[in-house]
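Here is a short briefing on one structure.

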Amino acid sequence: MSLFWIVIRELAEIQAMATSKKVITRVEWEKKLNDVKVRRDDMNKLVMNFLVTEGYVEVAEKFRLESGTELKKAVQSGNVEDAIEKVNDLNPEILDTNPLLFFHLQQQRMIELIRNGKVEAALEFAQEELAPRGEENQSFLEELERTVALLAFEDVANCPVSELLDISQRLKTATEVNAAILTSQSHEKDPKLPSLLKMLIWVQNQLDKKASYPRINDISTAALEDSVV
């Protein structure tokens, strides 16, 4: 939350100053707020976390569909490497504990290589990344064989496994990723948002001792109110 970090920063600065209260005008305060950038994706994650941990699963699913997160866009645009990186940034345990999902993401990477005509790179990727997993799991091996079969046809648009190159395959993988994220967040016992709001109230109370500034008195509206000097 941008206001939280601004209050922390101001408190640190004021601690080093004289004991008299510093007066921060609304114009100065709002400028500080505008200077802090909060990624929309991070806000989406915070809202999603609250909805899931509080049991609003249907609302969470609707929010996921409407929020248009960068992770969803990465999968649907075929940028699987970026999607894997974003999943790991969100929660590294998602892929560590879900080998099927990780295989499908790697399979999608190979499909994208084939789609872009990078045959040699696709074969090398299959041998180094997918084949070892196929040896450990028969179902993985069958899916790998179907994917490799794309390379055996000159006219992939009319081959028996052409559906792998369809956009619906990307959507299928994206849906699987989103489901895994929802599942991982549902395992958290307490939502993060209330804790952040409590921290905000605490740091405002600390800053009140040192400065007069526009503060949030009503959490439900988050409206800034000028302090009485």
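Which residues does Ile-94 touch, not counting residues up to four places away in sequence? They are Val-87, Leu-101, Ala-180, Ile-181 and Ser-184. Bear in mind that this is a predicted model.

**Around Ile-94**
- Ile-94 sits in helix H7, residues 93-96.
- Its relative accessible area is 4%, under the 20% cut-off, so Ile-94 is buried.
- Ser-184 lies 90 residues from Ile-94 along the chain, yet their C-alpha atoms are separated by 6.7 Å.

**Helices H8 and H10**
- Helix H8 spans residues 99-115 and helix H10 spans residues 138-148.
- They pack at an angle of about 10 degrees, with axes 11 Å apart.
- That angle is under 35 degrees, so H8 and H10 are roughly parallel.
- On the H8 side, the contact includes Pro-99, Leu-100, Phe-103 and Met-110.
- H10 contributes Phe-140, Glu-143, Leu-144, Thr-147 and Val-148.
- By class, this contact has 9 nonpolar, 3 polar and 1 charged residues.

**Aromatic pairs**
- The structure holds 2 aromatic pairs.
- Trp-29 and Tyr-213 have ring centres 5.1 Å apart and planes at 45 degrees, so this pair is tilted.
- Trp-29 is in helix H2 and Tyr-213 in the loop between strands E2 and E3, so the pair ties together parts 184 residues apart in sequence.
- Trp-29 is buried at 0% relative accessibility, and Tyr-213 is buried at 1%.
- Phe-103 and Phe-140 have ring centres 4.5 Å apart and planes at 5 degrees, so this pair is stacked.
- This second pair links helix H8 to helix H10, with its residues 37 apart.
- Both Phe-103 and Phe-140 are buried.

Definitions and conventions. Residues are numbered from 1 along each chain as its sequence is written. This is a predicted model: local features need pLDDT of at least 70, side-chain atom pairs count only at pLDDT 80 or more; totals for chains, interfaces and linings use all residues. Side-chain values use heavy atoms; hydrogens and water are left out. Axes are lines fitted to C-alpha atoms, for helices over the stretch in contact, and angles run from 0 to 180 degrees between N-to-C directions. Helices (H or I, at least four residues) and strands (E, at least two) are DSSP runs, numbered from the N terminus. Angles under 35 degrees count as roughly parallel, over 145 as roughly antiparallel, 65 to 115 as roughly perpendicular and the rest as oblique. Contact means heavy atoms within 4.5 Å. Ala, Val, Leu, Ile, Met, Phe, Trp, Tyr, Cys and Pro count as nonpolar, Asp, Glu, Lys and Arg as charged, and the others, Gly among them, as polar. Buried means under 20% relative accessible area, exposed over 50%, partly exposed in between (1.4 Å probe, protein chains only). Rings of Phe, Tyr and Trp (its six-membered ring) pair if their centres lie within 6.5 Å; planes under 30 degrees apart count as stacked, over 60 as edge-to-face and the rest as tilted.
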